[in-house]
Amino acid sequence: MRIKQVIEKPLTLEMVAESLSLLAKISTGLAHAFVRFNIPKRGITDLSILSSFPHLRYVDVSNNYLKDLTPLAHCSHLLTLKADYNRLNSPSLPDLQYLQVVSLNNNALTGTEGFSHPMLEYLSLSCEWLSVCVFLILDNN
């Protein structure tokens with residue numbers, strides 16, 4: 001089996017500008033910001049610049065070469081995350097209070113430890129490599 005060598009390609013401000021959409025009010029209701037970010041199939045290896053975009057609510061970074069989603073921890077109002085077909089080993093993200101839908105299909109996940117979000121309704125982890133899955137118990141009371 002031949003492993004493809006990946007050239008580092010961090011996300012740039014220009015790429016972010018091309019990939020933002022859906023202007024909406026921010027949580028205070030006093031200003032507007034773009035809340036949707038879609039950048040599939042661009043060969044991105046690093047999302048660090050997204051820590052400067054805290055108002056994102058809908059993020060699709062599928063089909064890239066990402067190993068880390070921690071820059072999204074700054075997106076405190078994130079509702080939907082789609083990161084299918086990347087190189088993620090762990091789904092770990094700090095608790096995001098409003099995160100409801102997560103799709104991490106076809107990554108190199110080895111488990112689900114450290115993945116806890118109080119509003120999570122849908123989690124998709126379809127993956128042939130997933131070896132350990134800790135089931136999440138959702139309490140809607």
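Predicted model: local features only at pLDDT ≥ 70, side-chain atom pairs only at ≥ 80, totals over all residues.
I started at Arg-42, which comes out partly exposed, with a relative accessible area of 30%.

**The salt bridge**

I looked for what the Arg-42 side chain does, and found it in a salt bridge with the side chain of Glu-18, 3.6 Å from N to O. Arg-42 sits in the loop between β2 (32-38) and β3 (58-60) and Glu-18 in helix α1 (residues 13-19), so the pair ties together parts that are 24 residues apart in sequence. I checked Glu-18 too: that residue is exposed, at 59% relative accessible area. How many salt bridges does the structure hold? I count one.

**The sheet**

Next I traced the strands. There are six in an open sheet, in the order β1-β2-β3-β4-β5-β6, and the pairing is mixed. Which strands stand at the edges? They are β1 (20-25) and β6 (122-124); each has a single partner strand, so one side of each lacks a neighbour in the sheet. From one strand to the next I get an average twist of 15°.

I then zoomed in on β1 and β2, which pair antiparallel over five bridges. Leu-20 is opposite Phe-37 of β2.

**Ser-62**

I moved on to the loop between β3 and β4, where I picked Ser-62. Buried or exposed? Ser-62 is buried, with a relative accessible area of 3%, which is under the 20% cut-off. I wanted to know what its side chain does in there.

**Leu-69**

Leu-69 is also in the loop between β3 and β4 (80-82). I find Leu-69 buried, at 3% relative accessible area. What does Leu-69 touch, not counting residues up to four places away in sequence? My list reads Leu-47, Val-61, Leu-81, Ala-83, Leu-88, Leu-93 and Leu-104.

Methods:
Residues numbered from 1 in each chain as written. Heavy atoms only, no water. Salt bridge = Lys/Arg side-chain N within 4 Å of Asp/Glu carboxyl O. Helix = DSSP H or I, 4+ residues; strand = E, 2+ residues; numbered from the N terminus. Buried < 20%, exposed > 50% of the residue type's maximum accessible area, 1.4 Å probe, protein only. Pairing = 2+ DSSP bridges. Axes fitted to C-alpha atoms, helices over the stretch in contact; angles between N-to-C directions. Contact = heavy atoms within 4.5 Å.
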